[in-house]
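Subject: Structure handover

Hello,

Have a look through it before you read my notes.

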Amino acid sequence: MPDGTPSPSLLRDADALIAAGLIAPDARDAIAAVEARYAVAITPAMRALIDDPAGPVGRQFVPDPAELVTAPHEMADPIGDDALSPVKGIVHRYPDRALLKPLLVCPVYCRFCFRREHVGPDGGLLTEAELAAAYDWIRARPQIREIILTGGDPLMLSPRRLSSIINTLSAIPHLEILRIHSRVPVADPARLTPALAESLATDKAMWLVLHANHASELTPAARAAIRLVQAQAVPVLGQSVLLRGVNDSEAALEALFRAMLAARVKPYYLHQLDPAPGTARFHVPIAEGRRLLAGLRGRVTGLAWPTYVLDIAGGHGKVPLGPDYLEPDGHVRDPWGVRHRLAPNLAPETASV
Ligand SMILES: *Cc1c(COP(=O)(O)O)cnc(C)c1O
Ligand code: SF4
């Protein structure tokens, strides 16, 4: 399949959503207005998981008229990527790593996406010349050890294009780690063919970070797709976004992280929602996120615990949000909330670190 070709039988517009029973016929005009602004796509694999458009999978993908309302704090570029792009396709915020976005096409379009103003089906495939300029930029910077392929979704590339990118990056001596962020294994497992998995082969340390937000996304087909990636000696990590109505309970997070671990996927990050336009209905306050994670501590295997992170608005980087267990007065809380005095040599000097 050529780069970025969507899978057949995608639901991509209001009429298709009505025919599939996911929106009411009288919502047609309102949804058409949303779809004119933000891309819509629901794969057969995700459609099969939606029994209620307002349920945990439906909410992630079925457009809603509320998306046309931008709250005062919401921003087109919530994490400041645009200002950090030295050449087209590259985002550079940290000294040792950079993002490379070879295309802006995704298998599905998540209604809460932080790059929603940029991603879409006609989008953003870097030309050979643009890719060459990005490679030159990387080659000239020996301090960069890791390239994170993101987008869009790099697994929407053809196996040929993806292996050409991976081979070119693999030939850059100072790169140690290649990382791919993708939703394809859950959103469109049929796309993850053996040929696509084989295109990940490299002598560099290749990692894949899978985006999934609800346990039901880890279907047998998704697990088989993940397995193909792992068979290339590629460890798979999980990243999720904390989302109202999707995974905003201890039970939902526990089920999600347990489903990941059962697929040998280590939960890496749980993201606080970035304030992209029209996403307010997904917002969960940080205090609530911290309580949810604290509720899992001590009850579920430590392997299940991701780092809860905030990408600071304006491009200032990601930071962990806790919960934390050290208290400024020289005590530490245990997983059940009981305080214990620390030995004096362990007591924190300030509450700030
Ligand atoms: C999120 C991000 C990374 C990766 O951060 P990690 O904490 O290493 O996962 C790198 N660069 C940019 C610009 C990012 O937004
Ligand atoms: S797959 Fe990722 S980049 Fe694409 S719409 Fe979803 S959150 Fe955004």
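Predicted model: local features only at pLDDT ≥ 70, side-chain atom pairs only at ≥ 80, totals over all residues.

Ligand 1

Start with the pocket. Ligand 1 sits in the largest pocket. The residues that surround ligand 1 are Val91, Arg93, Tyr94, Arg97, Leu99, Ile148, Arg179, Tyr268, Tyr269 and Lys318. Sorted by class, this shell has six nonpolar and four charged residues, and no polar ones.

Which strands supply at least two residues each to the shell around ligand 1? They are β1 (90-94), β2 (97-100) and β7 (265-271). Of the elements that contribute, β1 gives the most, with three residues.

For Arg97, an N or O atom of the side chain is 2.7 Å from an oxygen atom of ligand 1. For Arg179, the distance from a side-chain N or O atom to a ligand 1 oxygen is 2.9 Å. For Lys318, a polar side-chain atom lies 3.1 Å from an oxygen atom of the ligand. How much of ligand 1 does the protein cover? On its own, ligand 1 has 380 Å² of accessible area, and the protein covers 91% of that.

Ligand 2

Now for the other ligand. The space that ligand 2 takes is the largest pocket, and the largest pocket is also where ligand 1 sits. Around ligand 2 you will find Cys106, Val108, Tyr109, Cys110, Cys113, Arg183 and His211. By class, the shell of ligand 2 has five nonpolar residues, one polar and one charged.

What the record says

As for its place in the chain, Cys106 is in the loop between β2 and α5 (128-139).

The unreviewed UniProt entry also gives residues 92-304 as "domain: Radical SAM core". Over residues 92-304, the chain is 32% helix and 17% strand.

Backbone details

Where are the cis peptide bonds listed here? One joins Gly151 and Gly152, with omega at about 10 degrees. Gly152 belongs to the loop between β3 (146-149) and α6 (159-170). Another cis bond runs from Gly322 to Pro323, and its omega is near 10 degrees. Pro323 is in the loop between β9 (318-320) and β10 (326-327).

There is one further backbone angle to look at. Ala233 has a phi near 60 degrees, which is a positive value in a residue other than glycine. Ala233 lies in the loop between α9 (220-230) and β6 (236-241).

Regards

Terms used. Residues numbered from 1 in each chain as written. Chains lettered and ligands numbered in written order. Heavy atoms only, no water. Near = heavy atom within 4 Å. Polar contact = N/O pair within 3.5 Å; in protein donor to acceptor, adjacent residues only side chain to side chain. Areas by Shrake-Rupley, 256 points an atom, 1.4 Å probe, with all protein chains shown as cover. 1 Å grid on protein atoms, 1.4 Å probe; cavity = no way out; pocket = protein on both sides within 12 Å on 5 of 7 lines; lining within 4 Å. Sits in = over half its atoms within 2 Å of the grid points. Helix = DSSP H or I, 4+ residues; strand = E, 2+ residues; numbered from the N terminus. Nonpolar A, V, L, I, M, F, W, Y, C, P; charged D, E, K, R; others polar. UniProt positions renumbered as here; feature names shortened; annotations may be inferred.
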